[in-house]
Amino acid sequence: QVQLVESGGGLAQAGGSLRLSCAASGRTFGSVALGWFRQAPGKEREFVGGIRYSGSPTYADSVKGRFTISRDNAKNTVYLQIDNLRPEDTAVYYCAASRPFSPSEYIYWGQGTQVTVSS
């Protein structure tokens, strides 16, 4: 089991930056990939990006260049840095963890944190 708690969301202006954090707990942390998803009003949840225990993160094409995912394994925490915020980034952002040793199969979810970007 992996438990995930997101923080860092809020209201921001377009052009600004936010950093979301996700604290993970659980005995299988070292074997799971951590990812970020978002769900905007009236839309389906979409993959933003993810990172394995070691290695480079991957991103959805729509966020490349503005979103940065990093992972601090010593703190069991994953971060999502969002730069040059746009109103269309407004969404609930979810942290997720994969099934152990199955980095593309996300099965654990945080409660979500709201990001609202004003123009």
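Modeller: Buried means under 20% relative accessible area, exposed means over 50%, and partly exposed lies in between (1.4 Å probe, protein chains only). This is a predicted model: local features need pLDDT of at least 70, side-chain atom pairs count only at pLDDT 80 or more, and totals for chains, interfaces and linings use all residues. Residues are numbered from 1 along each chain as its sequence is written, and side-chain values use heavy atoms, with hydrogens and water left out.

Colleague: Start with the loops. Is Asn84 buried, partly exposed or exposed?

Modeller: Asn84 is in the loop between strand 8 and strand 9. Strands here are DSSP runs of E, at least two residues long, numbered from the N terminus. The phi of Asn84 is positive, near 50°, in a residue other than glycine. With a relative accessible area of 42%, Asn84 is partly exposed.

Colleague: And which loop holds Asn76?

Modeller: Asn76 also has a positive phi, near 50°, and is not a glycine. Its relative accessibility is 24%, so Asn76 counts as partly exposed. Its place is the loop between strand 7 (67–72) and strand 8 (77–82).

Colleague: How far apart in space are Ser17 and Arg86, C-alpha to C-alpha?

Modeller: Ser17 sits in the loop between strand 2 (10–13) and strand 3 (18–25). Ser17 is partly exposed, because its relative accessible area is 42%. In sequence, 69 residues separate Ser17 from Arg86; in space, C-alpha to C-alpha, the distance is 9.7 Å.

Colleague: Now the sheet. How many bridges join strand 4 to strand 9?

Modeller: Strands pair if DSSP finds at least two bridges between them. Strand 4 (residues 34–39) runs antiparallel to strand 9. Arg38 has Tyr93 as its bridge partner, and Gln39 has Val92. The bridges between strand 4 and strand 9 number six.

Colleague: Which residue in strand 11 stands opposite Tyr93?

Modeller: Strand 9 and strand 11 (residues 113–118) are antiparallel, with three bridges. Tyr93 is also the partner of Arg38. In strand 11, the residue opposite Tyr93 is Thr113.

Colleague: Which turn residue between strand 9 and strand 10 has a positive phi?

Modeller: Strand 9 and strand 10 pair antiparallel over four bridges. One of these joins Ser98 to Tyr106. The two strands form a hairpin with two residues between them, and the positive phi, about 65°, belongs to Phe101.

Colleague: How many of the nine residues of strand 9 are buried?

Modeller: Strand 9 covers residues 91–99 and is mostly covered. Strand 4 is mostly covered too, with five of its six residues buried. For strand 9, the buried count is seven.

Colleague: In the hairpin of strand 4 and strand 5, what is the phi of Gly42?

Modeller: Strand 4 and strand 5 run antiparallel and share five bridges. Trp36 has Gly49 in strand 5 as its bridge partner. Six residues lie between the strands, and Gly42 in that turn has a positive phi of about 75°.

Colleague: On to the rings. What kind of aromatic pair do Phe37 and Phe47 form?

Modeller: Rings of Phe, Tyr and Trp (its six-membered ring) pair if their centres lie within 6.5 Å; planes under 30 degrees apart are stacked, over 60 edge-to-face, the rest tilted. The structure holds four such pairs. For Phe37 and Phe47, centres are 5.4 Å apart and planes 70° apart, which makes the pair edge-to-face.

Colleague: Is Phe37 buried or exposed?

Modeller: Phe37 belongs to one aromatic cluster with Phe47, Tyr106 and Trp109. Phe47 is partly exposed, because its relative accessible area is 31%. Phe37 has 11% relative accessibility, so it counts as buried.

Colleague: Which residue puts its charged end over the ring of Trp109?

Modeller: A charge sits over a ring if NZ of Lys or CZ of Arg is within 6 Å of the ring centre and within 35 degrees of the ring normal. At Tyr94, Arg45 lies over the ring face, 3.9 Å from the centre. At Trp109 the distance is 4.6 Å, and the charged end again belongs to Arg45.

Colleague: Last, the largest pocket. How much space lies in it?

Modeller: On a 1 Å grid over the protein atoms alone, a pocket is an open set of points where a 1.4 Å probe fits, with protein on both sides within 12 Å along at least five of seven lines; lining residues have an atom within 4 Å of a point. Points join across faces, edges and corners, and volume is the space filled by probe spheres set on them. The lining includes Phe47, Arg52 and Tyr106. The space in the largest pocket is about 150 Å³.
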